[in-house]
2 protein chains.
Amino acid sequence: MAESSGEFALIDWIRRNSARQPQVETGIGDDAAVLRFDSGRTIVTADMLMDGVHFRLSESTPESVGRKCLAVNLSDVAAMAGQPTAAFLCLALPRTGGAPLAERLYDGMKPLAEQFNVEIAGGDTNIWDGPLVVSVTILGEPAGVEPILRSGAHPGDWLLVTGSLGGSLSGRHLTFTPRVQEAMALARSASLHAMIDLSDGLASDLRHILRESQVGALIDANTIPISDDVDPALSPAEQLHHALTDGEDFELLLTLSPEQGAALLQNPPVEARLTKIGTISAEQRCLMVDFDGETVELPSGGWEHRFGSTEPDDSPPSRGDTE
Amino acid sequence: MAESSGEFALIDWIRRNSARQPQVETGIGDDAAVLRFDSGRTIVTADMLMDGVHFRLSESTPESVGRKCLAVNLSDVAAMAGQPTAAFLCLALPRTGGAPLAERLYDGMKPLAEQFNVEIAGGDTNIWDGPLVVSVTILGEPAGVEPILRSGAHPGDWLLVTGSLGGSLSGRHLTFTPRVQEAMALARSASLHAMIDLSDGLASDLRHILRESQVGALIDANTIPISDDVDPALSPAEQLHHALTDGEDFELLLTLSPEQGAALLQNPPVEARLTKIGTISAEQRCLMVDFDGETVELPSGGWEHRFGSTEPDDSPPSRGDTE
């Protein structure tokens, strides 16, 4: 971590320095961990969200904040094609107004928890003089299919994405429905090789698949599905930039064989839009055919924060899963 | 939560308002949750610790803080007589010095993780302008015995405690060894009815057992084992007060039948001191025979914080498990 001090360097560092345990089938480096206990397997993911970074209580209702804190974790379970089961909720509540705030956060979580059959099964409440911090851990189980990891992409695979991308911070990041059902339906309909949920932006999250699978990719700028939330008055290149880098889309990016991909697109098992945006290549580069038909290096431009950076206060949320 | 706004009211409120799921065998209300997946069971516990509340980075090394964050969670798994397996670590790191701080926190966790065969299997790292927040979730599994809940105490049971109590904040709260091995050894040697780890202080934590088991207790002031960390210059009553209310002892409080209790004390399966401090009664009161031989109501005096209270900055850490 001495040379590169980004978040991913910290993750690598922990990964290198951790003693492995036999029950941990998939540890740091994926959307969630997979543990094997006796004959059962458990999918686990944890996220921490802070006021002023991932949400702003001054601009959003506590209910929408609570909902989001649960939703981003559900999205990580979705990225493994898992069925979520139980959530654990840790709160650092501001000293003033903590009790009604906690109640409203929970009120926002409850409908989503019930929709996905998740029980709030524990946690920890605290009061302090700092801003609200919410940490959610979700456990789930494989939904009749193997957990889909980031590391399974093969050269030749098609790259598919659900929904459309960009502009989430205008509101969708608080209201999105995590793709839990879609992920299970897709994994049951086809042999998915790799999957991730798009939290940091396509350009950044695609790299996680490439790195974990030790492959490259070529995507086509003309095929990237751009959300209606992206200002249509912008130039096509600017719109594309938003779709690639805004983040917080919480859509699924997946890879599978061309045969399975074609079948999936012909008979989609989900109502959500499903788009082929590129292919996986053997050469470990991340390339894009731009609007002029030229092949360029895809700029990552995601949200990887650097320690010690002094970003303006209105910078987008920072995310750094270490699963 | 409208009338009583303490932390435990929040827990009750969540408990009442939560939809239950069949996989959650033990939810909110114990040291940890117990989930049943396929044929396996998973023990889960989560704790959040904040700079200025549960530790002070200005007074403690990051290594000792990291160690404590893991240790308090291990103590919760111990309280279920579980074998810990994997930990998930969420960090909100201060913007300045975040990377070396994270490394040192982790360096403090690592020896303890290895001692108890726990893998850091995932988590989430973030940077913000606030103080350090650490949230740890630990998963474990039953160690060949049923998880020991808070709710199993019977009238007539003996109350036993490991180690000695009080004065932890002078340093032991950063260096204690969680009673993981002791809990498993005790649970294998005797049929334990109820168990909890002492985080908020005996007077407060005993009440959790009484409430969950719907019983009462009578303890004997003369038998409470007082730690050497309690100032011996204090009067016996003052020393007792520390032992009852200081908290952060992370010792085990357990109940079992008199026959099993006597056998356990005669042939203790652990090196740690084991002391009978009282008995469980049917009447739901928490009583103590004081130094004068008089039976008095045991003042709770634990660390339950009230929302909106304005405690001095040197108040002891607040804890509020909702498992």
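Two strands pair if DSSP finds at least two bridges between them. I start there because the first pair I want to show is described by its bridges. The model is a predicted one.

Take chain B, strand β4, residues 82–94. Nine bridges join β4(B) to strand β5 of chain B, and the two strands run parallel. One position to look up is B:P94, whose bridge partner in β5(B) is B:W128. Strand β5(B) covers residues 119–128, and ten of its ten residues are buried, so the strand counts as mostly covered. Helix α3 of chain B, residues 98–115, belongs to this picture too: β4(B), α3(B) and β5(B) make a right-handed β-α-β unit.

B:A81 lies in the loop between α2, residues 62–78, and β4 of chain B. Its phi is near 60°, a positive value in a residue other than glycine. Is B:A81 buried or exposed? B:A81 counts as buried, because 30 C-beta neighbours lie inside 10 Å and the cut-off for buried is 20 or more.

Staying in chain B, the next strand is β7, residues 158–162. Strand β7(B) is mostly covered, with five of its five residues buried. In a regular strand the side chains alternate between the two faces of the sheet. In β7(B), B:W158, B:L160 and B:T162 point one way, B:L159 and B:V161 point the other way, and all are buried.

Which strands pair with β7(B)? One is β10 of chain B, residues 252–256, which pairs with β7(B) in the antiparallel sense over four bridges. There, B:W158 has B:L256 as its bridge partner. Another is β11 of chain B, residues 274–281, again antiparallel, over five bridges. On that side B:V161 stands opposite B:T275.

Now over to chain A. Chain A holds eight helices and 13 strands. Of its 323 residues, 59% are buried. Among contacts between residues at least 6 apart in sequence, 83% join residues at least 24 apart.

Chain A is divided into domain 1, residues 7–142, and domain 2, residues 150–297. The C-alpha centres of these two domains of chain A lie 24 Å apart. Their contact takes 19 residues from domain 1 of chain A and 17 residues from domain 2 of chain A. Which elements give two or more residues to the domain 1 side of chain A? They are α2, residues 62–78, and β4, residues 82–94, of chain A. The largest share of that side, ten residues, comes from α2(A). By type, the residues on the domain 1 side divide into nine nonpolar, five polar and five charged.

Next, a sheet in chain A. An open sheet of seven strands has the order β8-β10-β7-β11-β9-β12-β13, with mixed pairing. Why is one side of β8(A) and of β13(A) left without a neighbour in the sheet? Strands β8, residues 194–197, and β13, residues 295–297, stand at the edges, each with a single partner strand, so one side of each has no neighbour there. On average, neighbouring strands of this sheet are turned by 25° against each other, direction ignored.

One pair inside this sheet is β9, residues 216–220, with β12, residues 286–289, of chain A. Four bridges join β9(A) to β12(A), and the strands run parallel. A:L218 stands opposite A:L287 in β12(A).

Residue A:L287 comes up again from the other direction. A:E297 has its place in strand β13 of chain A. Leaving aside its neighbours within four places in sequence, A:E297 is in contact with A:C286 and A:L287. A:E297 is exposed, because 9 other C-beta atoms lie within 10 Å and exposed means 12 or fewer. The C-alpha atoms of A:E297 and A:D229 are separated by 26 Å, and these residues are 68 apart along the chain.

A:E248 lies in the loop between α7, residues 236–245, and β10, residues 252–256, of chain A. Its phi is near 60°, positive in a residue other than glycine. A:E248 has 24 other C-beta atoms within 10 Å, so A:E248 is buried.

That is the end of the tour.

Note on methods
Residues numbered from 1 in each chain as written. Chains lettered and ligands numbered in written order. Predicted model: local features only at pLDDT ≥ 70, side-chain atom pairs only at ≥ 80, totals over all residues. Right-handed = clockwise from strand over helix to strand, strands pointing away. Domains from an automatic or database assignment. Contact = placed C-beta atoms within 7 Å. Nonpolar A, V, L, I, M, F, W, Y, C, P; charged D, E, K, R; others polar. Axes fitted to C-alpha atoms, helices over the stretch in contact; angles between N-to-C directions.
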